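Please take a look at the protein below. The briefing that follows goes through it topic by topic.

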Amino acid sequence: MNQSINEIQEEIIDEFSMLGGDMESTVFYIMELGNHLPPLDEKYKIPENLVKGCQSKVWLTTSFKEGKIFFLADSNTEVTKGLISMLIRIWNGRTPKEILNSDLYFIEKIGMQRVVGSQRSNGFASMIKQMKLYALGYQQKEKV
Amino acid sequence: MTTLTENKQILFDVQSVRKKFPALHQKVNGHPLVYFDNAATSQKPKEVIDALSHFYEKDNANIHRGIHTLAERATAEFEETRKAVQSFIHAPEAEEIIFTSGTTGGINLVAQTYGRKFLKKGDEVILSAMEHHSNIVPWQMICEEKGAKLKVIPITEAGELILKEYKKLLSAKTKIVSIAYVSNTLGTINPVKDIIKLAHEAGAKVLIDAAQAIIHIPINVKELDCDFMAFSGHKMYGPNGMGVLYGKRELLEAMPPYQGGGEMIKEVTFDKTTYNELPYKFEAGTPNIADVVAMKNAIDFVNSLDRNAALIHEHQLLQKTMSGLAGIDGIRLIGTAKHKTGVVSFVSDRIHHFDMGMMLDAKGIAIRTGHHCTEPLMNLLGIEGTNRASFAVYNTEEEVDYFIETVKGIIQKRKK
Ligand SMILES: Cc1ncc(COP(=O)(O)O)c(C=O)c1O
């Protein structure tokens with residue numbers, strides 16, 4: 001992991017700006033992003049791993065190694081999978097503190113709400129919340 | 001072939017109808033809007049939109065009991081719509097037309113008044129497997145309260161009610177049968193006339209949920225002999241937030257009022273209140289006056305159409321869409337009943353409906369995706385949801401061609 005959280009955010013902002021606001025290219029681009037996620041083993045696709053507040057099904061699971069969090073996720077819809085893949089790209093292999101202190105300004109910069117609509121935007125916020133909750137949990141465990 | 005097309009154009013001039021709908025003439029995501037979400041709500045013709053602003057600009061006043069000129073005008077226009085609805089659905093009396101907030105409002109009214117008064121423990125209410133949540137939940141609520149039971153008419157694979165099973169469900173215990181005239185998810189036109197007749201033979205009353213039928217099918221409540229009918233203005237080119245409940249006078253008379261308040265009373269003392277006559281007994285409080293007034297313009301619009309030609313036009317759109325989609329690899333049609341209105345549900349074996357909906361929207365096409373408020377039907381069919389395209393008179397064959405081509409393109413792109 002050599003790129004910082006903000007460097008990756010800048011990268012995403014650049015990629016979106018190259019799409020020039022064309023809706024079709026943007027949707028396909030988001031779905032394409034999801035294709036790069038490593039597959040999630042079926043055994044993790046259980047109700048307990050579903051992110052609450054998403055209209056689509058989003059399964060999220062984590063592991064914690066040497067102070068860093070690793071996320072695995074999948075979704076039954078491609079757009080949603082693309083969305084969570086952006087978060088994983090930014091936050092994978094970070095410490096809980098890095099995740100909790102990060103400011104995801106790219107969301108506003110790329111106009112997420114306009115791109116994916118308000119329902120999916122809310123779902124996206126739920127994914128962020130769930131990932132931060134994991135970070136908080138690991139942080140507290142570390143302290144004990 | 002050319003003569004057929006020519007005939008069609010003579011039969012139904014869709015372009016001049018389209019001109020009346022301002023919302024249709026815009027680009028969405030860089031493409032001309034194709035509005036195929038008419039089962040959720042239809043667009044409104046200019047005369048309905050104008051009537052709304054005209055009312056607020058010139059005639060706005062609270063209705064009834066006013067002696068000033070504006071109150072007179074507003075009241076007269078409000079009551080004009082009642083008469084227009086009466087003749088539109090061929091109700092015997094204008095007092096049998098109750099203004100509600102929509103289909104949902106009408107069904108809840110009947111469940112909470114007729115249902116509350118006449119349902120007893122052990123009684124049964126019959127619905128069908130294809131009902132909208134609005135025609136399920138109000139009955140569940142009152143049945144739970146009264147200890148009555150819900151019974152469900154099953155459907156075939158094609159999405160048609162199994163009348164044989166319906167007959168078996170009917171008994172002396174059946175008090176109410178509440179059925180959609182047309183399914184919002186499958187488009188199936190149910191044989192409501194037979195359903196009503198059979199229910200009456202068993203001594204039950206029938207509510208017809210005409211939310212999806214009202215825009216397509218000419219309706220005659222007298223001929224159908226239904227006891228109640230509910231529909232929404234916004235699903236037939238009219239404004240939001242107004243709906244109609246028709247009920248036979250003797251039943252409406254026998255029902256207790258729904259909500260208490262102004263307008264629905266005759267005389268109020270702290271000891272006792274006597275209720276107003278029909279229809280006001282069921283119209284407590286200041287109603288949605290402007291929207292009711294503008295509803296008359298929606299009815300006038302529908303009456304101005306050659307309804308037969310409109311039906312044929314919509315049927316052609318339906319046929320073309322069904323056969324176009326059926327020809328695409330990996331697409332399965334949901335709802336293939338013999339008698340259908342312009343509603344086409346479909347699923348793809350590889351593209352989730354949320355993704356499909358979003359990709360179509362990127363191309364300017366508006367469809368609805370999900371369970372369409374018919375979760376029990378989705379469970380029965382073993383699917384999570386569908387993509388649903390639904391038509392109105394202003395849709396064109398060119399739009400259908402573009403839609404089919406776009407779906408094809410999306411599926412090809414996702415294949416690789
Ligand atoms: C068959 C059916 N019933 C009831 C309703 C509820 O209508 P409203 O939301 O206007 O009350 C709908 C709306 O989609 C419907 O399609």
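B:Ser171 sits in the loop between H7 and E7 of chain B. The model is a predicted one. B:Ser171 has a relative accessible area of 27%. That value lies between the 20% limit for buried and the 50% limit for exposed, so B:Ser171 counts as partly exposed.

**Around B:Ser171**

- Leaving aside residues up to four places away in sequence, B:Ser171 touches B:Glu124 and B:Ala202.
- B:Thr156 is 15 residues from B:Ser171 in sequence. In space, the two are 22 Å apart, C-alpha to C-alpha.

**The seven-stranded sheet**

- Chain B holds an open sheet of seven strands with mixed pairing. Its order is E4-E10-E9-E8-E7-E5-E6.
- Strand E4 (97–100) and strand E6 (149–153) of chain B are at the edges. Each has a single partner strand, so one side of each is left without a neighbour in the sheet.
- On average, neighbouring strands are turned by 20° against each other, direction ignored.
- Strand E8 (residues 205–209) and strand E9 (residues 228–232) of chain B pair in the parallel sense. Three bridges join this pair.
- B:Ile208 stands opposite B:Met229, which belongs to E9(B).

**Helices across the sheet**

- Helix H5 (residues 103–118) of chain B lies across E4, E7, E8, E9 and E10 of chain B. Helix H5 runs at about 155° to E9(B).
- Helix H8 (residues 192–201) of chain B lies across E7 and E8 of chain B. Helix H8 runs at about 160° to E8(B).

**A closer look at H8(B)**

- Which residues of H8(B) are buried? They are B:Val192, B:Ile195, B:Ile196, B:Leu198 and B:Ala199.
- Seen down the axis of H8(B), these buried residues fall within an arc of 165°, so they line one face of the helix.
- On the other side of H8(B), B:Lys197 and B:Glu201 are exposed.
- The buried residues of H8(B) pack against helix H7 (163–169), E7, E8 and helix H9 (221–224) of chain B.

**Nonpolar cores**

- The largest nonpolar core has 82 residues. B:Ile89, B:Val177 and B:Met229 touch the most other members.
- Helix H11 (residues 289–304) of chain B gives the most to this core, with 10 residues.
- Why does this core lie between domain 1 and domain 2 of chain B? Both domains give residues to the core, so it lies between them.
- A second, separate core has 67 residues. Its members include A:Cys54, A:Val79, A:Met131 and B:Ile410.

**The two domains of chain B**

- Chain B is divided into domain 1 (2–32 + 306–415) and domain 2 (49–303).
- How many residues of domain 1 of chain B are in contact with domain 2 of chain B? There are 32, and they meet 27 residues of domain 2.
- The centres of the two domains of chain B, taken over C-alpha atoms, are separated by 29 Å.

Terms used
Residues numbered from 1 in each chain as written. Chains lettered and ligands numbered in written order. Predicted model: local features only at pLDDT ≥ 70, side-chain atom pairs only at ≥ 80, totals over all residues. Heavy atoms only, no water. Core = buried A, V, L, I, M, F, W, Y, C linked by side-chain atoms within 4.5 Å. Buried < 20%, exposed > 50% of the residue type's maximum accessible area, 1.4 Å probe, protein only. Helix = DSSP H or I, 4+ residues; strand = E, 2+ residues; numbered from the N terminus. Domains from an automatic or database assignment. Pairing = 2+ DSSP bridges. Axes fitted to C-alpha atoms, helices over the stretch in contact; angles between N-to-C directions. Contact = heavy atoms within 4.5 Å. Arc of directions from axis to C-beta.
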